[in-house]
Amino acid sequence: MDRYLIIKTRDELLRIRIEQILYFEADRNYTKLILNNGIQFTFAINIGKIEEILENQVTGCKMILMRVGKSHIINKNHILQINLPRQKLLLLTAEGKARELIISKDPLKVLKDSLESEIREDAKM
């Protein structure tokens, strides 16, 4: 069953399948949404509010979407590589292209540890 995120502003409504989300990126009081097909939207909503909307609308969203640092919420299903020394996160788009994000080391380590923990839990089942 498809799950959707609906973002409403005064002038528009956007309905997106969760699987299509590649990442959100903060830009001061705005947030950019980048889909896995390369389409990009910008909202006059800060990333903290986007995080609240996700938690209210999408049951179990923290299993798929994770806040990484102050500036990003990423879809964990699209992670290709985490490189701690280079502070680099690669996400794979629908076309098979890598999208690079530069993220500080501490939030990137939290993400890596979280994924490793999930892998261990899956292995136990």
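Predicted model: local features only at pLDDT ≥ 70, side-chain atom pairs only at ≥ 80, totals over all residues.
1. Ala44 sits in the loop that joins strand S5 (40-43) to helix H1 (47-57), where helices (H or I, at least four residues) and strands (E, at least two) are DSSP runs numbered from the N terminus. Its relative accessibility is 60%, and Ala44 therefore counts as exposed, the classes being buried under 20% relative accessible area, exposed over 50% and partly exposed in between, with a 1.4 Å probe and protein chains only. Leaving aside residues up to four places away in sequence, Ala44 touches Asn29 and Tyr30, a contact being heavy atoms within 4.5 Å.

2. Residues are numbered from 1 along each chain as its sequence is written, and side-chain values use heavy atoms, with hydrogens and water left out.

3. At the start of helix H1, Asn46 caps the N-terminal end, with a side-chain oxygen 3.1 Å from the backbone nitrogen of Gly48. The buried residues of H1 are Ile47, Ile50, Ile53 and Leu54. They lie on the same side of H1, because they cover an arc of only 110° around the axis, the arc being that of the directions from the helix axis to the C-beta atoms. An α-helix has 3.6 residues a turn, so residues three or four places apart point the same way. The buried residues of H1 pack against strands S1 (4-8), S3 (21-27), S4 (30-35), S6 (65-68) and S7 (72-75).

4. Thr93 belongs to the loop between strand S9 (88-92) and strand S10 (98-102). With a relative accessible area of 12%, Thr93 is buried, and, again not counting residues up to four places away in sequence, Thr93 touches Leu22, Asn36 and Arg99.

5. As for the chain as a whole, two helices and ten strands are present, and they follow the pattern β-β-β-β-β-α-β-β-β-β-β-α along the sequence. The radius of gyration is 14 Å, close to the 14 Å that the globule rule gives for 125 residues, so the chain is as compact as a globular protein of that length; the radius is taken over C-alpha atoms, and the rule is 2.2 Å times the number of residues to the power 0.38. Of the 125 residues, 37% count as buried.

Note on methods:
Polar contact = N/O pair within 3.5 Å; in protein donor to acceptor, adjacent residues only side chain to side chain.
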